[in-house]
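Please look over the structure shown here before reading the remarks below. They are written for a reader new to structural work.

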Amino acid sequence: MKSYWFLAQAGGTSHPLPQDPLVLAQRAEELSTTGKAEMPEWEVAVRCGFAKDRSEYLDILHRTAMYLAGIRLEKELKADQPELIQMVKMLDQIDSVINLVSESAVEWYRILDPAFSRKSVLPQGRKLRDLMREGSDDALLEILDELDRLSLCRSALAKRVTAKAAEVLPNCSALCGGLVAARLAAEAGGIQELSVMPGSTIQVLGARNALFSHLSTGSPPPKHGLVFQYSGVHGSRKERRGRVARVLAAKLAIAARIDYYRGEPDPDFIAKAREAIRNAGRANDLDRR
């Protein structure tokens with residue numbers, strides 16, 4: 001018995017479906033997954049009573065196709081989480097603004113307090129702004145207050161990015177933290193793009209300049225990019241970092257596939273991956289024994 005997108009089958013018989021785009025789109029999806037769909041035949045549709053003539057059949061087919069395209073597009077957008085990517089981009093832009101304005105504020109304060117220029121080591125962030133408040137004029141004080149507010153906004157957004165990443169990238173987040181996982185997805189161009197990348201590419205994501213320098217001048221290749229932000233990498237001894245980054249990236253390549261296609265945490269995989277990453281960090285100590 002032939003299967004068509006406009007016919008339902010039950011008990012060995014076929015009957016025409018209602019002209020509802022949702023119902024027809026669901027039937028088309030069902031047939032596309034089973035691979036049993038026949039080539040559309042408007043004569044069959046007219047003969048069984050689904051449509052009055054070829055014109056009506058084509059009109060229903062067009063409406064159903066547009067409806068189905070909308071469903072698939074919405075599904076793809078949800079799967080790739082463009083909101084998370086935009087949140088990461090906004091976070092990076094806020095960081096750039098804070099850094100740029102902070103540097104200008106320091107230069108301004110050095111004019112007001114020449115002795116400040118002789119300090120060899122300066123605190124960072126809020127401590128630096130509190131230090132500059134003493135002796136600042138009203139205009140600079142307003143700038144410092146704005147930096148405080150922007151820093152609070154940045155902290156709140158970072159928490160939201162971490163929470164969102166834990167929701168849509170549960171396995172990647174479990175391995176390297178939500179913020180690093182989100183940055184990797186943003187640098188890759190989306191979760192789908194990240195899911196098809198090999199570990200070797202994920203390892204150097206975010207090290208574009210160093211990679212370009214290696215290819216153009218023959219300088220040493222980068223050992224890590226954004227994965228360096230993971231504490232297990234930057235917290236390791238220098239001689240261990242390359243190995244830890246390599247193992248982490250390999251596990252993230254698998255985690256990204258699980259996140260994209262299944263969208264839920266895999267406790268067994270996470271436990272084994274974490275153990276492999278820890279072992280990579282211990283390997284150098286074992287080699288010395």
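Predicted model: local features only at pLDDT ≥ 70, side-chain atom pairs only at ≥ 80, totals over all residues.

1. Residues are numbered from 1 along each chain as its sequence is written, and side-chain values use heavy atoms, with hydrogens and water left out.

2. The largest pocket has a volume of about 290 Å³. A pocket is an open set of points on a 1 Å grid over the protein atoms alone, where a 1.4 Å probe fits, with protein on both sides within 12 Å along at least five of seven lines; lining residues have an atom within 4 Å of a point. The volume is the space filled by probe spheres set on the points.

3. The lining of this pocket comprises 18 residues, and Asn99, Ser102, Gln124, Gly125 and Leu128 lie nearest its centre. Two or more lining residues come from each of helix H4 (82-112), helix H5 (125-133) and helix H6 (138-168). Helices here are DSSP runs (H or I, at least four residues), numbered from the N terminus. H4 gives the largest share, seven residues.

4. Serine 151 is located in helix H6. Leaving aside residues up to four places away in sequence, serine 151 touches Ile98 and Arg129, contact being heavy atoms within 4.5 Å.

5. Helix H13 (residues 238-261) has 24 residues and reaches 35 Å from its first C-alpha to its last, close to the expected 34 Å; the expected span is 1.5 Å times one less than the number of residues. Glycine 263, with a positive phi near 70°, follows H13.
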